Amino acid sequence: MADHIDVAQGLPANPEKATLEGKNKFLGMWVFLGGETVMFATFFGTFLGLRKGTVGGPTAEDLFSLPLVFIMTMILLTSSLTSVLGILAMKRNNFKTLRTCMLLTVLLGFGFVGFEVYEFYHYYHEGLGYTTSAFASSFYTLVGLHGCHVLFGLGWIITLLARYWNAGGVTLANAPKFYSASLYWHFIDVVWVFIFTVVYLLSVGGA
Amino acid sequence: MATATMTAKKEKSVLWDWLTTVDHKKLAILYLVAGTLFFVKAGVMALFIRIQLMIPENDFMTGQVFNELITMHGTIMLFLAVTPLIFGFMNFAIPLQIGARDVAFPFINALGFWIFFFGGLLLSVSWFFGGAPDAGWTAYVPLSTREFAGSGMDFYALGLQVSGFGTLISAINFIVTIINMRAPGMTMMRMPLFCWTGLVTSILIVFAFTPLAAGLALLMLDRIFSGQFFLPDMGGNAILWAHIFWIFGHPEVYILVLPAFGIISEVVPAFSHKRLFGYTAMVFATIVIAFLSFMVWVHHMFTIGIGPITNSVFALATMTIAVPTGIKIFNWLFTMWGGKLVFNTAMLCAASFVPTFVLGGITGVMLSMAPVDYLYHDTYFVVAHFHYIIVGGIVFGLLAGLYYWYPKMFGHKLNETLGKIMFWSLYIGFHLTFFIQHILGLIGMQRRVYTYLGGQGFDMMNLVSSIGSFVMGAAIVVLVINIVYSAYTSERITVRDPWDARTLEWSTPTPIPEYNFAQTPQVRSLDPWFYEKVHGDGTMKPAEPMGDIHMPNGSILPFMIGLGLFIWGFGMIMLNMDNPIIPPAIVIGVGFVITFGMMVLHSKEDHGYHIPVDEVKKIEKGVG
Ligand code: HEM
Ligand SMILES: [Cu+2]
């Protein structure tokens, strides 16, 4: 079928979508992210509905500190940038740069997770346990679910890096894989932007 | 990839072959078998429910067992019986109807099946660990919280979570298959209606099963980790669950019924020997129904007290669904109008679907009027309503599909005499069971209550309803007998097209070779196979020369991932068991490692194998 692509003259311009398999992955990934969006929307709705339900426990204004969240946002946005640079390198058939950029993405991702663990630990010691109030449960669930997505994305990219570290070059088989992983990574980033606005800014801003 | 060298298939044992298959035709059969088993199980539960309700103040079972049975009956029928049966037909027919060799992601296809299957298993083992879920298939809080419901609801939350994930990824696979894998010339507006409804159903699954996943996660966190989502005195909100559930729940009913519409739209033209009337309107109506199905969920919550404005808006939105549905009904009638009608079993099921479904639709519009819904709500009127849709619509649609595609799937037809006996007894039994429940509901019999006092005018009607359910049970027994009997006595089919039908799946040889089409067909019109029979020489024109055919390798990983998720889910449930023999953390860990370990293994590139062109020619001669 359509997977007989002649690569003797070099890779085609968009190696991630050159084969039918790649096209399928590309579309499938988008549809999957569409579903994920609705799932996150449900958790956002839950948080918005329950965020005033603090029943005397710590409130958002008591806890959230914007500088910390700002640093986390910056780290995650930068990691998205490095993954874009990686994909651009991939389209130029520059495997080494792809590798390095993805590695940077992973490191930044771990940095983000580290801050998040610290953040949760801190809130916990301020008296916000998971079962303290509806606000607490819905906050930890939404942000924690995002954290789990980050961890899953990290596992994914690490697996790809380990699998292809010595692949020697971009191929029509590995390009779609890196591309899907980076798409997923962007999605996580976008969700975080919404969390930053809806969870932190809205609460601290007094809305 | 051209570098793959493995050519000949290794000899595999039959069991291993089925566990590792990624062939959409075999997965279809797996779906059908699993769906049928769950269907029979839930059907037997329904019979027990009807025995309990046959006479007033019956003590055949306790209220607790009754609650468990109605919960499991509804949950299994919707998630584990009808959904896989639909997926079975979609898996079988869609790739063939669009002229593809396989689905877009054969591996994901197998993965979806096994995850669904193990999720269903997880739900089913609840009986052995402290009782089945008992808060109704809608699992309303606070009834379903730890305070009021036993460990059964943990199995509900995790079992549905796992099986729902399988359903979700299968749906993604169908969407990509239909959009990317169509044969040359098979434009969207030349696709058979079953493909269209399959596509739209899959899209609905992607947008409706994900809120369900979120809701089930909340319920699970609430029950297992004492989250505080639903308790008002902890700042929570009990209505939240109802909203999330019905945002999923209403689209779900269309997820189930749209493929049945699709089957009817295949069977009716085939046996009217006419093209489907108003094809474009049918496609349009399907899309409109799907769109509207997301805007009506509050009609399940009229009596919760959200307020008159909201109730009115949702009442109106609900009524508008009658318009596209009406379009469909008339199109089926006009398709039959003036056709050369053949009333075999498939056509009988398809044709009887139309009036039964209309009855269900009419009671639906009655229920959508918010003020009177205060009278109907939670009575047998509702039970009658959704069974007219579900049994009268979906089950008859599925049966029509079974009789229609059976020869292509298994190489012989089902016996017609037994088929007609099954049809008539099911049809009569169904109306006997459920028509009278309208009246029971109107005179005030409540649903989900395990018994009733005599002398309120309920006795006779309940007896009739129970007798009807036994007739339905007998009809299903006749179907099973038919399947076994036909396997031994029915004449083998060797022709491509035993029904003189219209769509591409009938252009393939029977039995269908593994690769479906030796050469991808060139599609020239709607109903392409019929077009070639009339305007061409009766064979499909090839769109490509004969060549090596690329096939995916089978894999045991889907099965293992399903198993891993089962173990993980079971471990989560063990967290709240009184005396787990093994520490739950270990079980959770094992499940986790199996699941993700298999995913890492899967990241290895697997290019499949090629069937060389000589081999293809030989196979084609053998079946030709
Ligand atoms: C042999 C055929 C069937 C019989 C005799 C039957 C009978 C019943 C009965 C007696 C109830 C309990 C009503 C109550 O008191 O709440 C019920 C509920 C239900 N049934 Fe069926 N049923 C049949 C087929 C089906 C099928 C094919 C489906 C789905 C595809 C289905 C889906 C449901 C659902 C969703 C409920 C609601 C459960 C609840 O609200 O707790 N039924 N059925
Ligand atoms: Cu509804």
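Modeller: Let us begin with a term: a cavity is a set of grid points where a 1.4 Å probe fits but cannot get out, and its lining residues are those with an atom within 4 Å of a point. Please keep in mind throughout that this is a predicted model.

Colleague: How many cavities of 30 Å³ or more does a search of the whole structure find, and which residues lie nearest the centre of the largest cavity?

Modeller: The general idea is that rolling a probe the size of a water molecule over the atoms shows where empty space is left. Here the search of the whole structure finds one cavity of 30 Å³ or more, and the space in the largest cavity comes to about 130 Å³. Its lining is made up of 14 residues, and those nearest the centre are B:Ser265, B:Glu266, B:Pro269, B:Leu276 and B:Asp527.

Colleague: Which helix gives the most to that lining, and how do the lining residues divide by class?

Modeller: Helix α7 of chain B, residues 239-272, gives the most, with four residues. By class, the lining of the largest cavity has nine nonpolar, two polar and three charged residues.

Colleague: How should I read the interface, and what area do chain B and chain A bury between them?

Modeller: The size of an interface is often given as the accessible area lost when the parts come together. In this model, chain B and chain A bury about 3,100 Å² between them, with 72% of that area on carbon and sulfur atoms. On the side of chain B that touches chain A, at least two residues each come from α5 (152-180), α6 (193-224), α7 and α18 (584-602) of chain B. The largest share of this side is supplied by α6(B), with nine residues, and by class the side has 26 nonpolar, eleven polar and four charged residues. In terms of contact, 41 residues of chain B meet 37 residues of chain A.

Colleague: How many salt bridges and how many residue pairs in polar contact does the rule find across this interface?

Modeller: Across the interface of chain B and chain A the rule finds zero salt bridges, whereas nine residue pairs are in polar contact.

Colleague: Where in chain B does B:Pro142 lie, and is its peptide bond from B:Val141 cis or trans?

Modeller: B:Pro142 lies in the loop between α4 (106-124) and α5 of chain B, and the peptide bond from B:Val141 to B:Pro142 is cis, with omega near 0 degrees. The loop between α4 and α5 of chain B also holds B:Ala139, a residue other than glycine whose phi is positive, near 50 degrees.

Terms used. Residues numbered from 1 in each chain as written. Chains lettered and ligands numbered in written order. Predicted model: local features only at pLDDT ≥ 70, side-chain atom pairs only at ≥ 80, totals over all residues. Heavy atoms only, no water. 1 Å grid on protein atoms, 1.4 Å probe; cavity = no way out; pocket = protein on both sides within 12 Å on 5 of 7 lines; lining within 4 Å. Points joined across faces, edges and corners; volume = space filled by probe spheres on them. Nonpolar A, V, L, I, M, F, W, Y, C, P; charged D, E, K, R; others polar. Contact = heavy atoms within 4.5 Å. Buried area = accessible area lost by both parts, 1.4 Å probe. Salt bridge = Lys/Arg side-chain N within 4 Å of Asp/Glu carboxyl O. Polar contact = N/O pair within 3.5 Å; in protein donor to acceptor, adjacent residues only side chain to side chain.
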